[in-house]
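Please look at the sequence and the structure below before reading on.

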Amino acid sequence: MHRPWLPRLAVLALAVPAAACTDSIRQSNPLAVNSPPPARREAGTTGCLLSYATGPGTGCAVTATVSPASPFMRQSSLSPVQMGPITIVFSGPVTNVRVSGSGAISCNHFVGALVGYDSAGTEIARQDLTLINPADCGADGVTFGAAAILPAGKQFRKVVIEPMSPFQFPVFNLTGNSTANYSLFFDQAADSTKIAFTSTPRANMRPSIHVSANPLCRRLTYVPQRRSYTVAITRGGAPVANTAVQLALTAVDESGGHVAHTGTRPLGSFTTGANANTTELTVTTDAQGRAQFPYEAPEYSGQYVITATVAGTPPKADTVTVSVNGLADLGTGTSWNLIGATAVHPDAHYGTATMRSALVELADSFHTRFTRRLEYNDVSLVQGGRFDIDGDWVDASHCDHRWGQGADLRTNDLTAAQTNYVRLKWARIDGTNSYLNEGSPVHYHLKTSR
Amino acid sequence: MLTKIFAVAAALLAAVPAAAQQAPAPGLDLDVRPTFQALPGGLLRATYVVANLSSSADSLWSFTVDAPAPAVSIAAPDADRWETGTMDHGATVASWGILEGMVGPGQQSPGLSYVAAGVPGIVQYRAVRWFPVPDGDESEPDPADSTAAPAPDPLAANTVSGSTVGIVPPPAGGTDVLAGRLGQLVAQACALGWIDNAGVCNSLQVKAVADADGLNDMLHELDAQRGKHVSDAAYSLLAGNARYLLEQL
């Protein structure tokens, strides 16, 4: 139970004879009926508290440096005397700052001010303390405390409690002394700690190429696509050095046109190399609050998510799009049929503008001459990249269906004249056209150079 | 004068891109015989008979000539057996392809004709021997990788090219300009070997002037030398342009 009258007795203790003082106060102000605010956290806040009663710990992620450190959060003309301002510097931005004093102060003089500063040290708010309960003043003109609230919506990196003035004041022809023991309530600002990603380059990444054992792909060599990342940690705009940042890789489900696959999806790697597969990594920030790491794209296009986690801070994610840009759906037409859709690759007719135009021109001319539709099987997936026909992240037979420049044409039911027609037309259409005889069922693999 | 003519011819030959010169035939040894027929409205019909000489090892599959004057019509000699095209890699051409029954060694094609507005000019032709579809190799490198070697084009490896006479847009300029152009064509025909006698080259060169008498003399000489020292290609080229110049006088 707080007993406000006890400090009010003390306020006069060094100034007047004890018997006279206590009598006088008891007569003039028998009991302070109101209590000062309790030093506890309030509902609806992040619960930061800095109090004479609880010491320098704030109880939240933001720490505070109080000057003077002793006596702690106190202004008084009584021992221990501390009549200067109290300066509180926070480790990060805070909001909803409120101060409440407990002790004995004059009802009739300036009882102090609470001043807020931003991270640049600029004063951005000032509020004079006001008596918590003016009705408590009574005949002696003394009350237990004053309080102030800084405007909401602002973020502060420093607050100063300016002292009351004067500290000593007349009380029933005696000299009274002021004492205020403070509790400072505040919330940690939502963005107190920030995680930011920067990368070079920033645009979409092309898929990497890995060497394949498939004889159809024997000319492929390891061609990595890499990006350099920097993760920066700041708190209240200031860099946070020597902090561990945990990185993790995931993929957006079904991205890149890969649906319901078996096996484990390659995600790329935080380390480099043909066989690198580092999907979790911990880095430590330097003096500038930064840490760098590489990211090497997988062969499979899609959306990949890099998540950075720092203790006590919400994770930050950055989505990397691995894609062959410029691909579009061939779509349906009156002179061709799209075939080959599967449960694991339901949409596989994406090509470059050159390829799409060539396929349309070929089919239209073929239909004009032979009055039948061509049947186009796989081209590329929606964002290109490696096309694992079997949906297992392993199959590699479609190695030229990565760039939107390779398309399969079913030919097993075409006549010799019709296949010759296809070859002759395709050879004229665009670029360095080519065609290959493949597989089961027999089909041509049509290629364009763009 | 003869020396001068050969010097001009050599300079022109040097200016011809390497790709436009006769390339070693991958099994094809051809004789391309162009003829031209003037049509109303400034149109010209070019007809090619492509002889696949008995020295060839392979069958002729397609024949394409550049068409700087775009074709207004093109004919397939046999619609069931042949197909045609007028664009190749975005350029205007006249192209004929065989769907069935290739032109084997010792055989020749029927007349392959197209019509365009223009005059005879030297153009390039490309002929493809029939070859089976290559077996699969899908290992295409990233086309964005400038250091990666492009995949070989099987079509290019089975194509021969050379010079022949086609239809080019009517030349601009006055009669003196046209006469100068005619002289250059004489020099080019000689350099290409379409006129195989230096004396004939010299004689034709001096007749390439903006004068009706000279031009008529040139036509008479071409008629006389056709099939002797003047090939069908040279005859078509020079006679067509001499007549065009005569019409402008």
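In what order do the four strands of the open sheet in chain A stand?

## The model

This is a predicted model, in which local features need pLDDT of at least 70 and side-chain atom pairs count only at pLDDT 80 or more, while totals for chains, interfaces and linings use all residues. Residues are numbered from 1 along each chain as its sequence is written, and chains are lettered from A and ligands numbered from 1 in the order in which they are written.

## A sheet in chain A

The order is 18-17-20-21, and the pairing in this open sheet of chain A is antiparallel. Strands here are DSSP runs of E with at least two residues, helices are runs of H or I with at least four, and both are numbered from the N terminus; two strands pair if DSSP finds at least two bridges between them. Strand 18 (280-284) and strand 21 (316-322) of chain A each have a single partner strand, so one side of each is left without a neighbour in the sheet. From one strand to the next, the twist averages 25°.

Strand 17 (residues 244-251) and strand 20 (residues 302-309) of chain A run antiparallel and are joined by six bridges. Leu247(A) stands opposite Ala308(A) of strand 20.

## Two domains in chain B

Chain B is divided into domain 1 (17-133 + 149-168) and domain 2 (175-248), with bounds that come from an automatic or database domain assignment. Their C-alpha centres lie 24 Å apart. The contact between them takes 10 residues from domain 1 and nine residues from domain 2, where two residues are in contact if their C-beta atoms, placed from the backbone, lie within 7 Å.

## Two helices in chain B

The axes of helix 2 (residues 175-191) and helix 5 (residues 232-248) of chain B come within 10 Å and cross at roughly 170°; axes are lines fitted to C-alpha atoms, for helices over the stretch in contact, and angles run from 0 to 180 degrees between N-to-C directions. That makes helix 2 of chain B roughly antiparallel to helix 5 of chain B, a term used for angles over 145 degrees. Among the residues making the contact are Leu178(B) and Leu182(B) of helix 2 and Leu238(B) and Leu245(B) of helix 5.

## Where the chains meet

In the contact between the chains, 29 residues of chain B meet 36 residues of chain A. Strand 5 (82-88) and strand 6 (91-98) of chain B each supply at least two residues of the side of chain B that touches chain A, and the largest share, four residues, comes from strand 5 of chain B.

Definitions and conventions:
Angles under 35 degrees count as roughly parallel, over 145 as roughly antiparallel, 65 to 115 as roughly perpendicular and the rest as oblique.
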